[in-house]
Each structure stands twice: as structure tokens, then as C-alpha cells.
Amino acid sequence: MSLSLILGPGALGRLLALRLAAARPVALIGRRPLPGRQTLTTPEGERRQATLRCWTPTSLPAATAREATTLHLTTKAYAAEAALAAVADRLRPDTPLVLWQNGYATQPRLTERWPGPVLCATTTEGAYLDGDHGVVHAGHGRTLIGDLDGRHGSLAERLADRLTAAGLPATPVADIRVRLWHKLAVNAAINPLVARFGIRNGQLRDRPFRPMVEDIVAEVAAVMAAEGIPPPEDGWAALVWSVVSATANNRASMLQDVRAGRPTEHDAILGPLIAAGRRHGLATPALAALYRRLESAP
Ligand SMILES: NC(=O)C1=CN([C@@H]2O[C@H](COP(=O)(O)OP(=O)(O)OC[C@H]3O[C@@H](n4cnc5c(N)ncnc54)[C@H](OP(=O)(O)O)[C@@H]3O)[C@@H](O)[C@H]2O)C=CC1
Ligand SMILES: CC(C)(CO)C(=O)C(=O)O
């Protein structure tokens, strides 16, 4: 029987664990011990309980790690590589990884370094933690899954089928790099500004924020064109404003991180755009100013 390891038992990790556990063995690996009895609250308000095996990187038995047929890496982007390094010595080198981070930092680096298959997933599912004992699946979304090398299409198909059967509709895609950059563009235009000004997403439509979004979208569009990322059908501005409207009442994840005094994922979201701008000789002053501000945030 296959075993899925979930490394990073936060909101997304526990959502995956509790959904997948209905059909297959799943174990959670976190920095601190967690209660095995976990509750999933579904978007429809149903409460489902499951007992999961929970390990820390030091307590994870080598035999369990070797049994793993998939490792889902569900930490924040800035923690992903260190988290994997803490268990990598016990995994089989051909264990498939699924990377769930926002941005585009972990994905190219681990694709290059990890000897086994590396899949990347991007999702619009929404989840938040309910203390140490559970997770709330706040809203249904969709997941896209694929690999940057284009060599693991059938594995992406199998994983997408498994996620879909577990109640997390997923589609295998051949252009996950483009999909990740599209999500990154949206996150770059929304998250740093709402985090800086402490506003809900919808307030970006109003002054004084609207021109700030427009400046960022212009920089993002230039970088994407230079990087060869095809624009969305109706253009970058339309994509960003449609997400702003669809999530108008949201307090974006970066705003929540800033308010909770946690590190933000700015490096994984703004960093690749600024680096690509530099490579192509494009100035990105609005993106760089937001990056500097988040970098120096307490
Ligand atoms: N939540 C959501 O709805 C969505 C999240 N995402 C993306 O998914 C990723 C995860 O987000 P989310 O689940 O919300 O984040 P959380 O902060 O809720 O979860 C991250 C988890 O990783 C754990 N962790 C950190 N370092 C390590 C380590 N070295 N070893 C093991 N575990 C570790 C944290 O533990 P500790 O509690 O000890 O800090 C925490 O449990 C992010 O990139 C996010 O952008 C994307 C779409 C939706
Ligand atoms: C799309 C957006 C900005 C929705 O809030 C998001 O992905 C986030 O909060 O990180």
C-alpha cells in the first residue's frame, strides 16, 4: 500500500492529509509533535475526524521514510528546502516530491537538485488552521499539477486523479511553469500592497492604491514578456483585477503573515520577478521598493 508523507503540517498540509487519508495511509511530519487525532471541517460545515501518524524530522523512522511513495512538501516557500534537507537522508532518492509553495523559488531549485521526480502544484483551495487539532477547508478551488521538465506527465495524471478522488479537484498540465508565473504575477500585484497598507484586496480598486497596482502590473508585464511567459487571454491587468474582485473581501495571506509577525513569502514572489528584470536589463522600481520594505519588516 502506498504511503504519502506530508512535510509541513500547516493549513494546506493538514487539508491534504485529512482529504487523502480517507483512501490511503498518510503521515504528517512537523517541527513539533502534533496530536494524531485531527478534524477536518469541510466548506459545507461537516466535521470529519481521522487519526494520522505524526512525526518530527528527528523522530521519523527510516523504515517509514523508505516506504513513502510520495512526499508532499507543504511548508511556506522560505522553509521548504531546509525542511526537506532534514528528512532527505532517510527518503529513497527516487521518491516523487510534490511542491505546493506559492511563488517560483523552491520549484526550479529542487527540480534541479532532487534526484527523483519533482512535481509542482498550484492551488486555489483555501484552508486555515483550527489550533493544533484541525483544519478548516474554507473554500473549494482547483489544483493544477505538472513538472518543469515535462518528463513526468503520467505521474502528474495519477496524482491529479488521487487528489480529485479525495475531494480536491486537480488537473494535470504540461505548462506548469507558465501557470506558476501567472499565479506569481497575481500575488505580486496584490499581496505586498495589501500587506503594506493593511487593507482588504477589494480596496486596491480605490485611490490611492489603484495607480500603485497599475505600476506593478506594468513592471510585471514587461518582465513576463522578456521572460517569454505568454500573457493571460485578456492581459495581465484584466487577470489581476478579476482576482481582486473575486477576492475583494479577503485579507490576503501576506497581510495575515505580517499581522501575525510571521515571515512573508515576498522573496519567492517578488524575488523571481526582480531577478528576471535584472537579467533582461529591465528596471523594476515599484517591485524593488515593495521587496525592500517587506525584507526590513520586523
Ligand atoms: N493555506 C492555504 O489556503 C493555501 C496555501 N498555499 C501555499 O501553501 C504553502 C503552505 O501554506 P500554509 O499551509 O497556509 O502555511 P502554514 O504556515 O499554515 O503551514 C506551514 C507549515 O510548515 C511547517 N514547517 C515550517 N518549517 C518546517 C520544517 N522545517 N519541518 C517541518 N515543518 C515545517 C510549519 O510549522 P510551524 O507551525 O512549526 O511553523 C507549518 O505547520 C505556502 O506556500 C502558501 O502560499 C497556497 C494556496 C492556498
Ligand atoms: C489571490 C490571493 C491574493 C487571494 O487573497 C492569494 O493568493 C493570497 O491571499 O495569497
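## Around ligand 1

By class, 14 nonpolar, 11 polar and five charged residues make up the shell around ligand 1. The model is a predicted one. In total, 30 residues surround ligand 1. The closest are G8, G10, L12, A83 and N102.

## A four-stranded sheet

Strand β9 also belongs to a sheet. Four strands form this open sheet, in the order β4-β3-β10-β9. Their pairing is mixed. The edge strands are β4 (47-51) and β9, and each pairs on one side only. From one strand to the next, the twist averages 25°.

In general, strands of a sheet pair through backbone hydrogen bonds, either parallel or antiparallel. Which sense applies to β9 and β10? Strand β10 covers residues 134-139. β9 and β10 pair in the antiparallel sense, over five bridges. One bridge can be picked out by its residues: L129 has V135 in β10 as its bridge partner.

## The annotated domain

UniProt, in an unreviewed entry, places the feature "domain: Ketopantoate reductase C-terminal" at residues 175-294. How much of this stretch is helix, and how much is strand? Over residues 175-294, the chain is 69% helix and 0% strand. The end C-alpha atoms of the stretch are 30 Å apart.

Terms used. Residues numbered from 1 in each chain as written. Chains lettered and ligands numbered in written order. Predicted model: local features only at pLDDT ≥ 70, side-chain atom pairs only at ≥ 80, totals over all residues. Near = placed C-beta within 6 Å. Nonpolar A, V, L, I, M, F, W, Y, C, P; charged D, E, K, R; others polar. Pairing = 2+ DSSP bridges. Helix = DSSP H or I, 4+ residues; strand = E, 2+ residues; numbered from the N terminus. Axes fitted to C-alpha atoms, helices over the stretch in contact; angles between N-to-C directions. UniProt positions renumbered as here; feature names shortened; annotations may be inferred.
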